[in-house]
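Hi,

Here is the structure I said I would pass on. Have a look, and my notes on its aromatic rings follow below.

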Amino acid sequence: MTNDKSPIIETHYNSEADFLDNYDPTIFDRPSTSVDTVIFTVFDGQLQVLIVKRTNYPFKNQWALVGGFIDLENDETLEDTAKRKLEEKTGVKTPYLEQCFTIGNKQRDPRGWSVTTVYFALLPHNKIQLMKGTNEIKWSPIINNQVQELLAFDHTEILRQAIERLRNKVLYTSLPAYLMAEKFTLGDLQKVYEIILHRPLETKSFRRRIAKADILEETTEMRQDAKRPAKLYRLKKDINTYFFLRTIEGAINN
């Protein structure tokens, strides 16, 4: 389909290189193209998401997910954009980044047709120092699949879908391990699973699952928990996400 405002004029080209040298990229309308990243962490017993306060219109002074437009000169891929914006706001590289979905329509941005590709990232809270710069930025607890702040654009719906994607993947993967401090107990890890899934898990079944995954290694240290000393573990180096054959056992709905 051609753009009625700028019809394509049939021209003879000697080669594809000749065609590309003479190609006018403004022939077709271009929607605004951005990347939004839902950055999750767990602390204070809650799943939390990073949000920033917008300093410009539209939605000036309203909270939003971390994101921005693609840098056509410097970003080679959409993931480059997501990593760049994440590092600008947190000062760290995420151990886990996943592309979730793409949303595009004429209504999501009052400036006109807009397309955004959504990623979610997992960051251990103890390693993050928020890079405030000119934007106010904070972690916001997720309660009933949303935050208490009114989010700009369609970011409330984007957040809801990203939470659903995260929870579904946690049922059959080792993703919560990316949210842990450098050293942690098996009880700590189980608690993070339970916070994300919003339900308790059967301890023996959970520990068998983690042992089978072989993603952790023991340290030589112990920590005194409520009743007895507990071994401290860490994530093995260069380990990939483990995919279990079945969804997590012992999950009990609240």
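**Aromatic contacts**

Searching the whole structure turns up eight aromatic pairs, where a pair means Phe, Tyr or Trp rings (for Trp, the six-membered one) with centres within 6.5 Å, called stacked if the planes are under 30 degrees apart, edge-to-face if over 60 and tilted for the rest. Take Y13 and F19: their ring centres are 5.3 Å apart and the planes sit at 80°, so this pair is edge-to-face. Y13 is partly exposed at 28% relative accessible area, and F19 is partly exposed too, at 33% (buried is under 20%, exposed over 50%, partly exposed in between, with a 1.4 Å probe and protein chains only).

Before you go further: this is a predicted model, where local features need pLDDT of at least 70, side-chain atom pairs count only at pLDDT 80 or more, and totals for chains, interfaces and linings use all residues. Residues are numbered from 1 along each chain as its sequence is written, and side-chain values use heavy atoms, leaving out hydrogens and water.

Now Y193 and F206: with ring centres 5.1 Å apart and planes at 75°, they also count as edge-to-face. Y193 is buried at 1% relative accessible area, and F206 is buried at 1% as well.

There is a cluster as well, with ring pairs linking F40, Y96, F120 and Y178.

Finally, two charges over rings (NZ of Lys or CZ of Arg within 6 Å of the ring centre and within 35 degrees of the ring normal). K138 has its charged end over the ring of W63, 4.5 Å from the centre, while that of R209 sits over the F244 ring, 4.1 Å from the centre.

Cheers
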